[in-house]
Amino acid sequence: MSAGHPERAAAFAADDARAHWHDQALWWVRAKRDRAARSIPEWESLRDVAAAVKAHVASRLPDLLEEFERNATRLGAKVHWARDAAEHNAVVHGVLAAHGVTRVAKSKSMLTEECGLNPYLEARGIEVVDTDLGERIVQLAGEPPSHIVLPAIHKKKEDIGELFHRHLATPPGLSDPKALTEAARGHLRERFLAAQAGITGVNFAIAETGGVVVCTNEGNADLGSSLPPVHIACMGVEKIVPRARDLGVFLRLLARSATGQAITTYTTHFHGPIRGGELHVVIVDAGRSAILAQDPFRSVLRCIRCGACMNTCPVFRRSGGYSYGYIIPGPLGSVLAPHRDAAAHATLPFASTLCGSCDDVCPVRIDLHEQLLSWRREIGERGLLPWPKRIGMAIASRILRSGWLYRLAGRTLRAILRVFPGLGRGSAWGRTRELPPMPKESFRDLHRRRT
Ligand code: SF4
């Protein structure tokens with residue numbers, strides 16, 4: 001059997017220092033998100049409205065997509081429909097091939113990652129340069145992103161210095177973030193100027209106007225789409241919002257939830273192609289309609305890909321993005337991956353404490369932990385649990401159904417812990433949960449002494 005989440009998580013946690021640092025880095029982003037959310041008194045109402053708008057979108061998706069197509073076409077864009085990843089890649093390649101394009105600048109798009117667009121184009125002789133800094137770092141390292149908003153969060157600045165030294169000829173040992181960013185900037189500027197086409201993702205597509213909106217912090221989507229004459233914007237069907245005025249709700253939620261910023265540095269609206277250029281919008285289903293048809297999972301299509309559920313998840317923070325073995329990690333990935341292949345991703349719904357913290361931070365109120373629970377049930381019913389877990393669950397179920405067995409198990413466990421008090425404390429997981437020794441004096445005494 002191939003490795004599942006527990007084995008990959010153990011490999012990540014084996015490097016204790018890195019696991020701790022990863023945990024702290026993401027918790028810092030989570031704390032920033034909290035401060036940004038608290039700065040808006042109407043935050044909870046915004047979440048309610050966003051969830052309601054997305055529920056409305058789900059109930060009228062075909063109408064809204066067609067309305068978007070009509071309006072985008074009227075503005076001069078060409079709209080393509082793709083049933084799955086293969087059709088998406090073929091459409092994008094078709095547009096590029098028709099223009100003889102061999103060099104593309106691509107900004108961050110999880111959809112193109114999901115579709116495997118880069119290797120598909122590279123196998124056909126087209127060079128694709130990811131222009132988001134984090135994406136470029138993982139592209140140079142030959143790795144996929146480990147987080148949907150912070151793709152290189154698993155790398156330390158020293159790792160990046162070494163990578164840039166090998167690929168961009170920066171001085172050996174350079175690890176100053178500002179100097180590394182400057183080096184990447186110069187390198188990417190050349191790629192922007194050489195690109196014959198730009199590919200971007202889409203954060204929001206407005207049915208009422210036919211415009212698409214792309215949010216970045218680096219302005220790379222703007223350069224990549226306005227310098228070359230061909231712009232291809234790739235979007236999942238769920239990116240639609242009905243009206244331009246709905247955008248305000250989502251833009252206020254997105255950046256605050258993602259990074260704790262009030263708004264992304266660049267929020268670019270594309271209404272038709274640039275003068276003399278072409279704008280192609282590729283609308284992709286790739287299994288989304290199937291999710292929409294399933295009651296317990298439908299609401300996951302509200303997702304605006306802010307990454308907040310990952311930053312807060314205690315399992316994600318301590319096990320790293322690659323432990324999920326799917327392009328989207330964390331609680332969101334653990335819900336989405338089994339829709340692709342339940343057998344291959346059967347361990348993911350169990351990669352959660354079910355603490356519900358993901359639900360608490362989700363700006364569109366997706367009940368992620370309920371969906372993880374539904375997947376656990378589903379995976380059990382389909383017989384996809386590994387046998388040790390099946391036996392363990394059968395024993396636990398028997399014990400929990402009987403009062404005397406439950407008491408006996410409790411007494412036995414306490415007796416074992418009396419004989420072996422250190423049991424379980426030696427693991428990497430256990431170490432990260434150790435609390436510092438409690439001071440002998442009370443907190444009040446401590447406070448008096450310090451003030
Ligand atoms: S599920 Fe919610 S918190 Fe997670 S990425 Fe999507 S919108 Fe953000």
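Predicted model: local features only at pLDDT ≥ 70, side-chain atom pairs only at ≥ 80, totals over all residues.
Student: What is the volume of the second largest pocket, and which of its lining residues are the closest to its centre?

Tutor: The volume of the second largest pocket is about 490 Å³. Its lining consists of 23 residues. The closest of these to the pocket centre are Gly 4, His 5, Pro 6, Thr 347 and Pro 386.

Student: Which element supplies the largest share of the lining of the second largest pocket?

Tutor: The largest share amounts to four residues. The element that supplies these residues spans residues 5-13 and is helix 1.

Student: How many cavities of 30 Å³ or more are there?

Tutor: A cavity is a space in which a 1.4 Å probe fits but from which the probe cannot get out. With the threshold set at 30 Å³ or more, the count of cavities is four.

Student: Which helix gives the most to the lining of the largest cavity?

Tutor: The largest cavity holds about 140 Å³ of space, and among its 14 lining residues those nearest the centre are Arg 288, Ile 291, Arg 305, Leu 336 and Arg 340. Helix 13 (288-292) and helix 16 (330-340) each supply at least two residues of this lining. The most, three residues, comes from helix 16.

Student: How many residues in the lining of the largest cavity are charged?

Tutor: The lining of the largest cavity includes seven nonpolar residues and two polar ones. The number of charged residues in this lining is five.

Student: Which elements give two or more residues to the lining of the second largest cavity?

Tutor: The second largest cavity has a volume of about 110 Å³. It is lined by 16 residues, and nearest its centre lie Cys 303, Cys 306, Cys 309, Cys 362 and Ile 366. The elements that give two or more residues to this lining are helix 14 (308-312) and helix 17 (357-361).

Student: Where is the space taken by the ligand?

Tutor: The residues around the ligand include Cys 303, Cys 306, Cys 309, Cys 362 and Ile 366. These residues are also the ones named as lying nearest the centre of the second largest cavity. The space taken by the ligand is the second largest cavity.

Student: How many residues of the shell around the ligand are nonpolar?

Tutor: The shell around the ligand has one polar and one charged residue. The number of nonpolar residues in this shell is 10.

Methods. Residues numbered from 1 in each chain as written. Heavy atoms only, no water. 1 Å grid on protein atoms, 1.4 Å probe; cavity = no way out; pocket = protein on both sides within 12 Å on 5 of 7 lines; lining within 4 Å. Points joined across faces, edges and corners; volume = space filled by probe spheres on them. Nonpolar A, V, L, I, M, F, W, Y, C, P; charged D, E, K, R; others polar. Near = heavy atom within 4 Å. Sits in = over half its atoms within 2 Å of the grid points.
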